[in-house]
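Please keep the structure open while reading them.

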Amino acid sequence: MERCLECPEDQWSNERRDACIPRPLEFLSYGDTLGLSLVIINLFFCSVTVVVLGIFIKHKNTSIVKANNQNLSYILLLSLLFSFLCPLLFIGRPTRISCLLRQVTFEIIFSLAVSSILAKTVTVVLAFRAIQPGRTMRQWLGRHLSTLLLITGTIVEVVICVFWLCFSPPFPDNNTEIEVGKIILQCNEGSAIAFYLSIGYIGFLSVFSFIVAFLARKLPDTFNEAQYITFSMLVFCSVWISFIPAYLSTKGKYTVAVEIFSITSSSAGLLGCIFIPKCYIILMRPELNIKCNIIFKQQ
């Protein structure tokens, strides 16, 4: 005990306790089974999103595509495509650039996706309310309403992320306290307040979109997608509500895996609930995708 020496932070004592050896580094890498599985899953959903986008572009002149706001559908599909690519920033050895980009990129893309869903739903609601007698909402309707909602919903998240990066940005960190004998390479989020504020803002947009879609679910429109949006936002909110306790209770590389799983599952929920039913009608039931059939059903 008189000759006992403490090992440096990046080293640990061997089994005989007579020498210091380097601590093994641990992070979610592409070589791990878990990391490789997440990459394959996200690339699969990327390919599905590209196929759906191709179907919508090919059938852009059909009734079901026109009835659900073409431009917002394209924006939503592109944002979902990038959201499936976001986990690639989370996998691998943390660097200063990856730590700066991964949270900010994911949160801005998700706010864009949820804002486009909100814009689609609000446009439908206002359109039906405006045609009722005594309503004065018609003046608020116009070509740029959906664009205004989309930009407003996204710009708030951009402002939060800019302040976050300016005052307390994320940085790579070597954590030696999580597991004994190991160095956990991770991204320190910098300001925890900014991190949870940005996540909370996406949650606010999601809850608001869910409420608006729920209220509009019974509007008399054959291609009213409010029912699909209601279910998709229910899935989205459920995933991110369960994300918080799971994120706080995991350690090391599994914390990153939990966030990647939340990003992938919530994006897949939006893709499956909103667009797969439309693709089914376009490809398998083309007789329902005819304008005269729509008018007949409404009558």
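This is a predicted model: local features need pLDDT of at least 70, side-chain atom pairs count only at pLDDT 80 or more; totals for chains, interfaces and linings use all residues.

1. Thr-154 touches Ile-108, Ser-111, Leu-112 and Ser-115, leaving out residues up to four places away in sequence. Thr-154 sits in helix α6. Its relative accessible area is 12%, and the cut-off for buried is under 20%, so Thr-154 counts as buried.

2. Is Ile-151 buried or exposed? Ile-151 is placed in helix α6, which covers residues 145-167, and at 52% relative accessibility Ile-151 counts as exposed. Ile-151 belongs to a nonpolar patch on the surface, together with Ile-155, Val-156, Val-159, Phe-163 and Phe-167. Together these residues have about 600 Å² of accessible area.

3. Val-52 is found in helix α1. With a relative accessibility of 3%, Val-52 is buried. Setting aside neighbours within four places in sequence, Val-52 is in contact with Leu-77, Leu-271, Phe-275 and Cys-279. The C-alpha atoms of Val-52 and Ile-276 are 8.0 Å apart, although 224 residues separate the two along the chain.

4. How many disulfides does a search of the whole structure find? The search finds 2. A disulfide is a covalent bond between the sulfur atoms of two cysteines. Counting bonded cysteines along the chain, the pattern is 1-2, 3-4. Not every cysteine should be read as part of a pair without checking; for the record, Cys-166 is exposed, at 57% relative accessibility.

5. One of the disulfides joins Cys-7 and Cys-20, with sulfur atoms 2.1 Å apart. Cys-7 lies in the segment before β1 (11-13) and Cys-20 in strand β2 (residues 20-22), so this pair ties together parts that are 13 residues apart in sequence. The torsion about the S-S bond of Cys-7 and Cys-20 is about -90°, and the disulfide is therefore left-handed. Cys-20 is partly exposed, with a relative accessible area of 35%.

6. Another disulfide is formed by Cys-99 and Cys-187, whose sulfur atoms are 1.9 Å apart. Which parts of the chain does this pair tie together? Cys-99 lies in helix α5 (residues 96-130) and Cys-187 in strand β5 (residues 183-188), so the parts joined are 88 residues apart in sequence. Here the torsion about the S-S bond is about -80°, so this disulfide is left-handed. Cys-99 and Cys-187 are both buried.

7. Side chains of opposite charge can pair when their charged atoms come close. The whole structure has 2 salt bridges. In one of them, the side chains of Glu-26 and Lys-182 meet at 3.1 Å, N to O. Glu-26 lies in strand β3 (residues 25-26) and Lys-182 in the loop between β4 (171-175) and β5, so the pair ties together parts that are 156 residues apart in sequence. Glu-26 is buried, with a relative accessible area of 13%, whereas Lys-182 is partly exposed, at 28%.

8. A salt bridge also joins the side chains of Asp-32 and Lys-253, at 3.5 Å, N to O. Asp-32 is in the loop between β3 and α1, and Lys-253 is in helix α9 (residues 253-284), so this pair ties together parts that are 221 residues apart in sequence. Asp-32 is partly exposed, at 21% relative accessibility, and Lys-253 is buried, with a relative accessible area of 17%.

9. Now the protein as a whole. The protein has 10 helices and 5 strands. Of its 299 residues, 45% are buried. Among contacts between residues at least 6 apart in sequence, 71% join residues at least 24 apart. The protein exposes about 16,500 Å², with carbon and sulfur atoms supplying 67% of that area.

10. The last point is confidence. The average pLDDT is 82, and 87% of the residues score at least 70. Where is confidence lowest, and where is it highest? The lowest is in helix α10 (residues 291-298), with a mean of 47, and the highest is in helix α1 (residues 33-58), at 93. Over residues 292-299 the pLDDT stays under 50, and the model has 10 contacts for them beyond four places in sequence.

Terms used:
Residues are numbered from 1 along each chain as its sequence is written. Side-chain values use heavy atoms; hydrogens and water are left out. Patches are made of residues with over 30% relative accessible area and no salt bridge: like charges are joined within 9 Å, nonpolar side chains (Val, Leu, Ile, Met, Phe, Trp, Tyr) within 5 Å. Accessible areas come from the Shrake-Rupley method with a 1.4 Å probe; for residues, only the protein chains shown count as cover. A salt bridge is a side-chain nitrogen of Lys or Arg within 4 Å of a carboxyl oxygen of Asp or Glu. Helices (H or I, at least four residues) and strands (E, at least two) are DSSP runs, numbered from the N terminus. Buried means under 20% relative accessible area, exposed over 50%, partly exposed in between (1.4 Å probe, protein chains only). Contact means heavy atoms within 4.5 Å. pLDDT is the predictor's confidence in each residue, from 0 to 100. A disulfide is a pair of cysteine sulfur atoms within 2.5 Å.
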